[in-house]
Amino acid sequence: MISVGIFTGYYPYTLADTIAKIKKDGMSCVQLDLTFKDIDLDRGKITKEKANKVRDAFRDANIPIVAISAYTNLTHPDPVKRKANIDHVKEVLAHARDFGTPYVISETGTYNEESDWSPDDKNFTEEAFQDFKMVATEIAKYAYDHDAVFLIENYVNNIIGSIDEVARLLQEIDHPGIGLLLDPTNYFDGNNIDKVDETIEKIFWVLDDKVKIAHAKDIKRAENLEEKFGDGSADHNSFRGAGAVELPAPGLGLLNYELYLKHLRKNHPNIPIIIEHLDESDIPRAKKFVDDTLKKIGG
């Protein structure tokens, strides 16, 4: 049975209050954002003791931590910022098992200096692919050495965006320290938003064996081409889309959720799916939508 969870960052409270609200909303797992009002888990501040405290609190609540957010720009054009970002992901990977999961997730980066979500012409070059491949290989080896797994989350505006780019990257690295966070909405732009089912089918046909964790948000045509943000404690919790495609909460767009979840059910019957791109007030509706769709398809 597919378990339904949420990013902890949509609850900007203390550790205890966050867990209480997540439990009240009926979530069966979480992706951990390192942002609690009463525990300092900022860069350079993570310790085994703090990680174990978080892990044990979620264990006591019977809510598994299935992955940890470490979203950052791993190919930042400023070499000082790039190194700091890579070091941050390594820090989280080094403590991943202390938090109770092997999986640590980040996007694949952009050369845009203003936003982690905006494109740059250089993103779509062979040089960019090789640049990120070098970074990802280094991180995958570091993850493996620390009994962890680095999961990439591709996005169309970033260096690794398309199905073919993801497949090529994971084939060329071919290392147990790297895998894929699956979010089908991240593959859509103005060129394929009218080909929802075809794109979902290709995602699973090409990438199915690399998938470790799944996300739940949606797609729709954007009314403007600017970046869209909502409320949230971090950029990855407030981002709502860029360019021709908006990325609202699950059930508020065009994604064929029955098809998506049928594919997940087939080869990943116990995978966690993590709800995102919403405000706290919309969490009960989004949870019900995902649950109802899962019941409909028998997942």
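**Figure 1. Lining of the second largest pocket in the predicted model.** In this predicted model, helices α5 (163–173) and α6 (196–207) each contribute at least two residues to the lining of the second largest pocket. The space inside the second largest pocket amounts to about 280 Å³. Fifteen residues, written here as 15, line this pocket, and the closest to its centre are Ser 162, Ile 163, Tyr 187, Asn 192 and Thr 199. By residue class, the lining of the second largest pocket comprises four nonpolar, five polar and six charged residues.

**Figure 2. Helix α2 and its buried side.** Helix α2 spans residues 48–60, 13 residues in total. From its first C-alpha to its last, α2 reaches 18 Å, close to the 18 Å expected at 1.5 Å a residue. Within α2, the residues Ala 51, Asn 52, Val 54 and Phe 58 are buried. These four lie on the same side of α2 because they cover an arc of only 160° around the axis. On the face of α2 turned away from the buried side are the exposed residues Glu 49 and Asp 60.

Figure 3. Asn 62 belongs to the loop between α2 and β3 and follows just after α2. Although Asn 62 is not a glycine, its phi is positive, at about 60°. Most residues other than glycine have a negative phi. Asn 62 counts as exposed because its relative accessible area is 60%, where the cut-off for exposed is over 50%.

Figure 4. Leu 93 is located in helix α3. Its relative accessible area is 0%, and Leu 93 is therefore classed as buried, a term that applies under 20%. Leaving aside neighbours within four places in sequence, the contacts of Leu 93 are Val 104, Ile 139, Tyr 142, Ala 143, His 146, Ala 148, Val 149 and Phe 150. One of these contacts, Ala 143, is 50 residues away from Leu 93 in sequence, yet the C-alpha atoms of Leu 93 and Ala 143 are 5.9 Å apart in space.

**Figure 5. The largest cavity.** The structure contains one cavity of 30 Å³ or more. About 110 Å³ of space lies within the largest cavity. Its lining is formed by Tyr 71, Trp 117, Glu 153, Asn 154, Tyr 155, Asn 186, Lys 217, His 236, Phe 239, Leu 247, Glu 276 and His 277. Five residues of the lining of the largest cavity are nonpolar, four are polar and three are charged.

**Figure 6. His 277, a lining residue of the largest cavity.** His 277 is among the residues that line the largest cavity. His 277 sits in the loop between strand β12 (272–275) and helix α9 (283–297). The phi of His 277 is positive, near 60°, in a residue other than glycine. With a relative accessible area of 5%, His 277 is buried, whereas Asn 62, which also has a positive phi, is exposed.

Definitions and conventions. Residues numbered from 1 in each chain as written. Predicted model: local features only at pLDDT ≥ 70, side-chain atom pairs only at ≥ 80, totals over all residues. Heavy atoms only, no water. 1 Å grid on protein atoms, 1.4 Å probe; cavity = no way out; pocket = protein on both sides within 12 Å on 5 of 7 lines; lining within 4 Å. Points joined across faces, edges and corners; volume = space filled by probe spheres on them. Nonpolar A, V, L, I, M, F, W, Y, C, P; charged D, E, K, R; others polar. Expected span 1.5 Å × (residues − 1). Buried < 20%, exposed > 50% of the residue type's maximum accessible area, 1.4 Å probe, protein only. Arc of directions from axis to C-beta. Contact = heavy atoms within 4.5 Å.
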